Amino acid sequence: MKYLCLVYLGQQKLHAVPDSECFACGNSLRQRGALLAAEALQPIDTATTVRVRNGRLSVTDGPFAETKEQLAGFYLIDARDLNEAIQMAAKIPPAREGTVEVRPVRELDF
């Protein structure tokens, strides 16, 4: 089953974990056949929020909501079950400095 591990960090902690550690974690998951995708994101001040209400487009600089932690990146993994996904998420280096949210990927109904 696919799980998305969303990495959240406070602004002051965005560079607390060396990129090399995150890269090594991704390589380890990839070698196990568990990593489907992973990316780091630019800081929240580069975000643009897009909404469509009543057919009208609204574009706003910045995030949707004020938060203490910001979405810093993600790992899309393939795990047997939630337990295994949690074990993998615990090894993602930024989990030491911030939060990793583990969420199952929902298959779309056609």
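Which strands does helix α2 (residues 82–90) lie across? In this predicted model, where residues are numbered from 1 along each chain as its sequence is written, local features need pLDDT of at least 70, side-chain atom pairs count only at pLDDT 80 or more, and totals for chains, interfaces and linings use all residues. Side-chain values use heavy atoms, with hydrogens and water left out.

Back to the helix: α2 lies across β1, β5 and β6, and runs at about 155° to β6. Helices (H or I, at least four residues) and strands (E, at least two) are DSSP runs, numbered from the N terminus; angles run from 0 to 180 degrees between N-to-C directions, with axes fitted to C-alpha atoms, for helices over the stretch in contact (heavy atoms within 4.5 Å).

The sheet itself is open and four-stranded, with antiparallel pairing in the order β2-β5-β1-β6; strands pair if DSSP finds at least two bridges between them. Its edges are β2 (35–40) and β6 (99–104), each pairing on one side only. On average, neighbouring strands are turned by 20° against each other, direction ignored. Six bridges link β1 (residues 2–10) to β6 in the antiparallel sense, and Tyr8 has Thr99 of β6 as its bridge partner. Helix α1 (residues 19–31) also packs on this sheet, touching β2 and β5 (69–78), and its direction makes about 20° with that of β5.

Elsewhere, Leu57 sits in strand β4. Leu57 counts as exposed because its relative accessibility is 60%, the cut-off being over 50% relative accessible area (1.4 Å probe, protein chains only).

Notes:
Buried means under 20% relative accessible area, exposed over 50%, partly exposed in between (1.4 Å probe, protein chains only).
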